[in-house]
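Please find below a briefing on selected features of a predicted model.

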Amino acid sequence: MPATVRTISGAQIDQLSVLDEVIQTQRDVFAAFVRGEAVMGPRAIISQNENAQFSYIARASKSGPTIVKFGSVVPANANVSLPVVQTTVALMDAKTGSATTFFDGEAITKWRTVAASMAAAKELANPVTTIAIVGVGHQGLAHAHAAVKVFRPQQLILIGRKKCDVPALDCDVIASDRIDDVVKADLIFVCTNSATPVITQPLKSGATCIVIGSFAPNRSEINAETLALADAVFGDDSQTITSQCGSVIDANCQNVRSIGEVYNRTAQGRSSSDQVIYYFSVGLGIQDAAMAEYVLAKLPDGAR
């Protein structure tokens, strides 16, 4: 290991990151993965009742540095003032193989997850008037702030088990504890820690639903009957989604398409305005690798 190993804090990552730029990194890396240019090892995840531990290894490009990410998801941590998701991202130099940099995993995960959701929604969604966010924790609120910046909706509905404090955003914001309010939205982001379905009714015609919490076989935020009514299902990677996303497994979804195919224009995204579309993200190491490379490139020259 080199004599000096850098640690990049969450505050540094937040300060350096620009939403539109990070969105582009995620779009680019998904497209590169489909072309065989980004590299990803097997994604490992071990469920432990409602908890899960995971690890990834990946590169955003064939010649770029390799990252290793590991962490855990423990929903009960929300009750004891600990992060629900705890992660670390380590970067190994492409030439020497030495671990040179450790990144705050929560910040890397927040930025790359939000950015990937926004990239997919920009590609798949109809024009947006009303957005619903299901789950108002760390990721839900990060999605809310990003979605208002990207889509400029007239109305944002924040749906949680309990009504939350309404953040100051540039639109009409409503706090709700009624899951039925999702049917009002053109675009829905499902950002919960639930292992059982939270959406059990059909969405409105033309709606797009971005789902980030069904990241393991035992986690399903959309029930099988509702998902079976979808006109199209996309994911961050079709092979990973069909084997590790609980909602997709439960519904036995066929013809799930990788979003990188859409970005590369080798597959069609939305084909008509009345389609109901779902996009599932389980989270891929290539996303973290792209985010790590982005942060390193943004550091002042003397800090790289």
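In which loop is the place of Asn255? Asn255 lies in the loop between α7 and β14 (257–258), where helices (H or I, at least four residues) and strands (E, at least two) are DSSP runs numbered from the N terminus. The model is predicted, with local features requiring pLDDT of at least 70 and side-chain atom pairs counting only at pLDDT 80 or more, while totals for chains, interfaces and linings use all residues. Residues are numbered from 1 along each chain as its sequence is written, and side-chain values use heavy atoms, with hydrogens and water left out.

- Asn255 counts as exposed at 69% relative accessibility; buried means under 20% relative accessible area, exposed over 50%, and partly exposed in between (1.4 Å probe, protein chains only).
- The C-alpha atoms of Asn255 and Ala297 are separated by 37 Å, and the two residues are 42 residues apart along the chain.
- Asn252 is also found in the loop between α7 and β14.
- Asn252 is exposed, its relative accessible area being 55%.
- Although Asn252 is not a glycine, it has a positive phi of about 50°.

**The loop between β3 and β4**

- Asn49 is found in the loop between β3 (44–48) and β4 (51–59).
- Asn49 has a positive phi of about 60° and is not a glycine.
- With 72% relative accessibility, Asn49 counts as exposed.

**Packing of α3 against α4**

- Helix α3 (residues 105–124) and helix α4 (residues 138–151) have axes that come within 10 Å and cross at roughly 45°; axes are lines fitted to C-alpha atoms, for helices over the stretch in contact, and angles run from 0 to 180 degrees between N-to-C directions.
- On the α3 side, the contact is made by Thr109, Lys110, Thr113, Val114, Ser117, Met118, Ala121 and Lys122; contact means heavy atoms within 4.5 Å.
- On the α4 side, the contact is made by His138, Gln139, Ala142, His143, Ala146, Ala147, Val150 and Phe151.
- By class, the contact of α3 with α4 comprises eight nonpolar, six polar and two charged residues; Ala, Val, Leu, Ile, Met, Phe, Trp, Tyr, Cys and Pro count as nonpolar, Asp, Glu, Lys and Arg as charged, and the others, Gly among them, as polar.

**Packing of α2 against α3**

- The axes of helix α2 (residues 19–34) and α3 come within 8 Å and cross at roughly 75°.
- Helices α2 and α3 are therefore roughly perpendicular to each other.
- From α2, Leu19, Val22, Ile23, Gln26, Arg27 and Phe30 meet Trp111, Arg112, Val114, Ala115, Ala116, Met118, Ala119 and Glu123 of α3.
- The contact of α2 with α3 has 10 nonpolar, one polar and three charged residues by class.

**Aromatic pairing**

- The count comes to two aromatic pairs, where rings of Phe, Tyr and Trp (its six-membered ring) pair if their centres lie within 6.5 Å, and planes under 30 degrees apart count as stacked, over 60 as edge-to-face and the rest as tilted.
- One of these is the stacked pair of Tyr278 and Phe280, with 6.1 Å centre to centre and 10° between the planes.
- Tyr278 counts as buried at 1% relative accessibility, and Phe280 counts as buried at 1% as well.

**Buried helix residues**

- Ser247, in helix α7 (residues 246–251), counts as buried at 0% relative accessibility.
- Residues up to four places away in sequence aside, Ser247 touches Ser214, Arg219, Ser220, Glu221, Ile222, Leu227 and Phe280.
- Val262, in helix α8 (residues 259–263), is buried with a relative accessible area of 1%.
- Val262 and Glu123 are 139 residues apart along the chain, with their C-alpha atoms separated by 8.1 Å.
- Not counting residues up to four places away in sequence, Val262 touches Glu123, Phe234, Ala267, Gln268 and Gly269.

**A strand residue**

- Gln86, found in strand β6 (residues 85–92), is partly exposed with a relative accessible area of 32%.

Technical notes:
Parallel < 35°, antiparallel > 145°, perpendicular 65-115°, else oblique.
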